[in-house]
Each structure stands twice: as C-alpha cells, then as structure tokens.
Amino acid sequence: MFQIDFGNDGEIVCTGRLDAAQCEKAQAFMDGVGDTQTLDFSALEYISSAGLGVLLKTQKRLVGSGGGLKIINVNNHIHDVFRYSGFHAIFDIETPGG
Amino acid sequence: MQRPAGVSSRRLARSGIFLSERCMQTKLNRSYDSLEEMYELTERFFLNEDVDLSIRFPVHFVMEELFTNMVKYQPDNSNDILLAVKTLDGSVSVSLTDFDVDDFDVTVDRNVNTEAPLDERTPGGLGLHLIHKMVDSINYDYADRQSTVTFTKGTN
C-alpha cells in the first residue's frame, strides 16, 4: 500500500512502498505540485527504481522553473539506494540524524 | 510470525505456492499488480526464517527490479513467472524464471553514469545498474527459450 498526500505543514508525506505498481499514482500527484517542495519519507518503507524515476522527473521539472525537492527523514535502506544512484548530488536529502 | 506447529512442509491454500522450512516457490502473474503479492509472500517467509532486516530490503529491491523488467520487456507473453526463494545460514538465494522469452542477460551491468548532473539524467535504466550494488552474486542462464536469474545475498 502506498499513500501520498500533503501533511499539516504543507510537506508532502509518502507512506508505504513506492514500487512500480504505485508510480502512476505518485507521478500524478507530483505533476500537480510546483515551486520548492519538501517530501517527508519518515513513513516510506521502500522505493524501487521506478520510484526514483518519479523523483527524477519531478526534480528536473521543478529545478527548471527555479524550485526543487527537499527529501527529509530518509531511512537507511532508501538512503543507500539514493547513494548508489548518485541522488545525493542532485537532491537535497536529509536523514533522521541530519 | 509463528511457524505452523508440527508442520515442516506444506502447500498453502492458494494454488501453486510451495512453502517449507527453507524454501518457497510460487508462480506470479505477469503484471505489476503481482508486486504486492510477491512482497507479502516473501516477507512472510523471511520473517518465518528470521532473515535479517539488512538482507530483506536489498533482496526485495533486486527481486522486484528483476520481476518488473520481465513484465516490462515481454508484454505479449502470457506465461507466469516462477519465483523460488531459499535460505541457508542467514543467506538468501532467489531465482526468477521466465518462460518462452528471448535471450536478454540482465546481469550485464549497463554502467549508468550515476555522477551525471541533473540536466543529463533521464528516468529509467537505473534498476539493472543498482542490483549489482546490492547482491553478493548474480547469475543468468538461458536455454530452450527459458531464462533464469539467480542471485544471493547474505550478511556481510
């Protein structure tokens, strides 16, 4: 199960598992946001390469218009995926420990 | 999760799933909709086998990347995909077998440039690159239009 919605402080909260079956839902949501956005991954358990594609496509669009994504509360496993992908160089990423 | 008392090997109610103390095997429909079923079945097996969390995440990742690749690039194939998972001394071995398919070795590293700047990046292609970062070994066999990818992962 994957959920994506705005949190109380305007951040985008992702919950569950973002796999290939859930990317259409995630992309549809992300296509509706603009400017600079914070993604809270504290409840995101898993992300696949298809999920990385959603983030990359959104980041390219937002950076192209002067904004961008900040991703916070990334668990260690997902952080490893980001590191292997070189995403730490193209996204603003924060782990729970800072 | 509790192992069924007094039962070392059994066939689950759902047709096609074989589960024993150290192995499970099932056929999955060729659809992204099978990802949730694959995750739930294997995660239940891993919990039952006390597989370490540090192994479970990369195993799920690689398993799903391989399965997704099979679904994506053989859309006209109606055959199920066979999944077999084994544990031994804390390590996990996973095999995915695809039937009546062309030869395509997914274990060849595509050498994606993960240091490229954002404007040179394109979505896609990362999955088959990332699996090499997450497994201890990976092998591909192809014969009689049947491909099998097997990978292992243990606590390093």
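Helices (H or I, at least four residues) and strands (E, at least two) in these legends are DSSP runs, numbered from the N terminus. This is a predicted model, in which local features need pLDDT of at least 70 and side-chain atom pairs count only at pLDDT 80 or more, while totals for chains, interfaces and linings use all residues. Residues are numbered from 1 along each chain as its sequence is written, chains are lettered from A and ligands numbered from 1 in the order in which they are written, and side-chain values use heavy atoms, with hydrogens and water left out.

View 1. Start in the loop between β3 (23-28) and α1 of chain B, where Arg30(B) is found. Is Arg30(B) buried or exposed? Buried, with a relative accessible area of 14% (buried means under 20%, exposed over 50% and partly exposed in between, with a 1.4 Å probe and protein chains only). Its side chain makes a polar contact of 2.3 Å with the side chain of Asp98(B). Such a contact is a pair of N or O atoms within 3.5 Å; within protein, one must be able to donate a hydrogen and the other to accept it, and residues adjacent in sequence count only if both atoms are side-chain atoms. A polar atom of the Arg30(B) side chain also lies 3.1 Å from the backbone oxygen of Asn77(B). Leaving aside residues up to four places away in sequence, Arg30(B) touches several others, including Met70(B), Val71(B), Ile81(B) and Phe99(B) (contact here means heavy atoms within 4.5 Å).

**View 2. Where chain B meets chain A.** Here 27 residues of chain B are in contact with 25 residues of chain A. The area buried between the two chains is about 2100 Å², and carbon and sulfur atoms give 67% of that. Phe57(B), Leu118(B) and Arg121(B) supply 33% of the area that chain B buries against chain A, more than any other three residues. Buried area is the accessible area (1.4 Å probe) that two parts lose on being put together, summed over both. Between the chains there are 7 residue pairs in polar contact, both residues at pLDDT 80 or more. On the chain B side, α1 (34-48), α2 (53-73) and α3 (126-134) each supply at least two of the touching residues, and the largest share, 8 residues, comes from α2(B).

**View 3. The salt bridge across the interface.** Chain B and chain A share 1 salt bridge, in which the side chains of Arg17(A) and Glu64(B) meet at 2.3 Å, N to O. The rule asks for a side-chain nitrogen of Lys or Arg within 4 Å of a carboxyl oxygen of Asp or Glu. Glu64(B) lies in helix α2 of chain B and Arg17(A) in strand β2 (residues 12-18) of chain A, so the pair joins two chains. Glu64(B) is buried, at 2% relative accessible area, and Arg17(A) is buried too, at 8%.

**View 4. A pair within a helix of chain A.** Arg83(A) and Asp80(A) form a salt bridge, with their closest N and O atoms 2.9 Å apart. They sit 3 residues apart in helix α3 (residues 76-85) of chain A, so about one helical turn separates them. Arg83(A) is partly exposed, with a relative accessible area of 42%, and Asp80(A) is partly exposed at 27%.

View 5. Asp102(B) pairs with Arg145(B) in a salt bridge, the closest N and O atoms being 3.0 Å apart. The two link distant parts of the chain, 43 residues apart: Asp102(B) is in the loop between β5 (91-99) and α3, and Arg145(B) in the loop between β6 (137-143) and β7 (146-153). Arg145(B) counts as partly exposed, at 36% relative accessibility. Asp100(B) joins Asp102(B) and Arg145(B) in a network of salt bridges.
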